[in-house]
Amino acid sequence: MRAEYGRLDKTEMGIWDCIELLNEFIDDSDPDLDMPQIEHLLQTAEAIRKDYPDQDWLHLTGLIHDLGKVLLHPSFGELPQWAVVGDTFPVGCAYDECNVHFKYFKENPDYHNPKFNNKFGAYSEGCGLDNVLMSWGHDDYMYLVAKENKTTLPSAGLFIIRYHSFYPLHKHGAYTHLMNDEDKENLKWLHVFNKYDLYSKSNVRIDVEKVKPYYMSLIDKYFPAKLRW
C-alpha cells in the first residue's frame with residue numbers, strides 16, 4: 001500500500017479541495033454523529049482554536065488530520081472502510097492485548113512467528129516510532145502526503161496526523177518502549193489533540209463560509225497551493 005500510494009500520482013489538488021471531496025463520506029467507525037466530514041473537521045479545529053488561540057499549527061492539524069480518508073473515494077481506489085479507518089497498530093512485534101478485537105490477531109501468521117511475536121520483534125528499545133511499521137490507514141497516508149509536499153507544520157503536527165488512530169499508544173500506554181525522546185514530547189500534543197477529536201462533536205452547526213478565510217490563511221502558511229496526492 002505504501003508503494004502504491006507513496007507515488008502520489010492519483011491527483012493534484014489543494015487542501016480545501018480535499019476537504020470538499022471528503023464531504024461525501026461518513027466514517028463507519030466514528031462513534032459520534034452522522035455528520036459530513038467537513039463539520040467534524042471544523043468542529044475539531046474550532047474547539048482547539050478556542051482553547052489554544054496561539055497555536056495556529058494545531059488548529060490546522062485539527063482541520064486536516066482526517067483528510068487521508070479520501071482513500072475511500074473512487075478516484076483513490078475506493079478502499080474498504082476497514083482498510084482506511086479504525087485503530088492502527090505496529091506490525092513486526094508482539095500484538096499488545098489492548099489492540100481492539102485482539103482475539104483475531106491470533107489468525108495472523110506473525111502471531112506465531114518467533115521473529116515477530118515478542119516485545120521488540122524487528123525493533124529495539126527506543127528505536128523511535130519513525131522506524132516502526134504501522135498498519136496501513138488514513139493516518140499514514142495523510143502523513144505521507146503532508147511530508148512529501150513539504151509542509152512546514154512542526155513535527156508535533158505531523159505526529160498527530162500520523163498517530164491519532166494509534167489508540168493502543170495514546171489511550172492505553174502500550175508500545176512506549178519503542179518511543180524515542182522526540183516521540184515522548186510529541187505524544188503530549190497528541191494527548192491534547194485527542195480530547196478534541198473523538199467524542200467532542202456536537203450538533204451545533206459551524207458556519208463554514210464564516211470560518212473558511214481563517215483556515216485558508218493557515219493552509220497558505222503551511223502548505224503549497226496544490227499538493228500531489
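**Close-up 1. His164 and its neighbours in a predicted model.** Leaving aside residues up to four places away in sequence, His164 touches His65, Asp66, His138, Asp139, His170, Leu190, Phe193, Asn194 and Asp197, where a contact means heavy atoms within 4.5 Å. This is a predicted model, so to speak: local features need pLDDT of at least 70, side-chain atom pairs count only at pLDDT 80 or more, and totals for chains, interfaces and linings use all residues. Residues are numbered from 1 along each chain as its sequence is written, and side-chain values use heavy atoms, with hydrogens and water left out. His164 sits in the loop between H6 and helix H7 (167-170); helices are DSSP runs of H or I, at least four residues, numbered from the N terminus. With a relative accessibility of 2%, His164 counts as buried (under 20% relative accessible area, 1.4 Å probe, protein chains only).

**Close-up 2. Asp66, a partner of His164.** The side chains of His164 and Asp66 make a polar contact at 3.0 Å, and another, of 3.3 Å, links the side chains of Asp66 and His65. A polar contact here is a pair of N or O atoms within 3.5 Å; within protein, one must be able to donate a hydrogen and the other to accept it, and residues adjacent in sequence count only if both atoms are side-chain atoms. Asp66 belongs to the loop between H4 and H5 and is buried too, at 3% relative accessibility. Beyond residues up to four places away in sequence, Asp66 touches Leu22, Gln37, His40, Leu41, His138 and His164.

**Close-up 3. The "binding site" positions from UniProt.** The unreviewed UniProt entry puts this feature at His40, His65, Asp66, His138, His164 and Asp197. Such annotations may be inferred rather than shown by experiment.

**Close-up 4. Helix H4 and what covers it.** In H4, 9 of the 9 residues are buried, so the helix is largely enclosed by the rest of the structure. Its cover includes helix H2 (15-22), helix H3 (37-51), helix H5 (138-148), helix H6 (155-163), helix H8 (181-197) and helix H9 (208-222). Asp56 lies in this helix (residues 56-64) and is buried at 16% relative accessible area. Setting aside residues up to four places away in sequence, Asp56 touches Tyr214, Leu218, Lys221 and Tyr222.

How values were computed: Helix = DSSP H or I, 4+ residues; strand = E, 2+ residues; numbered from the N terminus. Buried < 20%, exposed > 50% of the residue type's maximum accessible area, 1.4 Å probe, protein only.
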